[in-house]
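Hi everyone, thanks for coming.

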Amino acid sequence: MMRRMLVLGSLVSFAYYLRVVAAMWLGDSDAEAAEGVRRAPEVAVVAVVAALAITALAVAPGWPLDKAGEVGNSLISSR
């Protein structure tokens with residue numbers, strides 16, 4: 001019974017993602033490219049902040065990990 005549920009769930013997700021892929025590949029991209037896409041400046045700010053945070057954490061992950069370890073130890077020891 002469990003296998004049938006897993007197969008059914010896989011088929012549903014396959015159909016959903018196949019529609020997404022079909023929309024990407026078969027969509028009318030010429031009309032969309034001609035119109036251009038306008039983005040709010042807030043989106044650009046959030047993207048830049050996220051990129052800087054990811055880069056900083058990739059270069060020097062020590063400090064946030066040390067702080068997270070301290071918080072975790074203090075939570076465990078306070079019990």
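This is a predicted model: local features need pLDDT of at least 70, side-chain atom pairs count only at pLDDT 80 or more; totals for chains, interfaces and linings use all residues.

Okay, the overall layout. The secondary structure comes to 4 helices and 0 strands. If you read along the sequence, you get the pattern α-α-α-α.

Now, what share of the 79 residues is buried? The answer is 0%. For that number, buried means under 20% relative accessible area. The accessible surface of the protein is about 7600 Å², and carbon and sulfur atoms account for 69% of that.

Let's zoom in on helix 1, residues 2–26. Its 25 residues should span 36 Å at 1.5 Å a residue, and the end C-alpha atoms sit 35 Å apart, so the two values agree. Helix 1 is also hardly covered, with a count of 0 buried residues among its 25.

Staying there, find Tyr 16, which is in helix 1. Tyr 16 and Tyr 17 are both exposed. The structure has 1 aromatic pair. The ring centres of Tyr 16 and Tyr 17 are 5.1 Å apart and the ring planes are at 80°, so this pair counts as edge-to-face. The cut-off behind that name is planes over 60 degrees apart.

Those two tyrosines turn up again in a nonpolar surface patch of about 870 Å². Tyr 16 and Tyr 17 make that patch together with Val 20, Val 21, Met 24, Trp 25 and Leu 26.

On to charges. Side chains of opposite charge can pair when their charged atoms come close. How many salt bridges does the count come to here? It comes to 1. The partners are Lys 67 and Glu 70, whose side chains meet at 3.6 Å, N to O.

Where do those partners sit? Both are in helix 4, residues 62–77, and because they're 3 residues apart, about one helical turn separates Lys 67 from Glu 70. Here's the general idea: an α-helix has 3.6 residues a turn, so residues three or four places apart point the same way.

How values were computed
Residues are numbered from 1 along each chain as its sequence is written. Side-chain values use heavy atoms; hydrogens and water are left out. Rings of Phe, Tyr and Trp (its six-membered ring) pair if their centres lie within 6.5 Å; planes under 30 degrees apart count as stacked, over 60 as edge-to-face and the rest as tilted. Buried means under 20% relative accessible area, exposed over 50%, partly exposed in between (1.4 Å probe, protein chains only). A salt bridge is a side-chain nitrogen of Lys or Arg within 4 Å of a carboxyl oxygen of Asp or Glu. Helices (H or I, at least four residues) and strands (E, at least two) are DSSP runs, numbered from the N terminus. The expected span of a helix is 1.5 Å times one less than its number of residues. Patches are made of residues with over 30% relative accessible area and no salt bridge: like charges are joined within 9 Å, nonpolar side chains (Val, Leu, Ile, Met, Phe, Trp, Tyr) within 5 Å. Accessible areas come from the Shrake-Rupley method with a 1.4 Å probe; for residues, only the protein chains shown count as cover.
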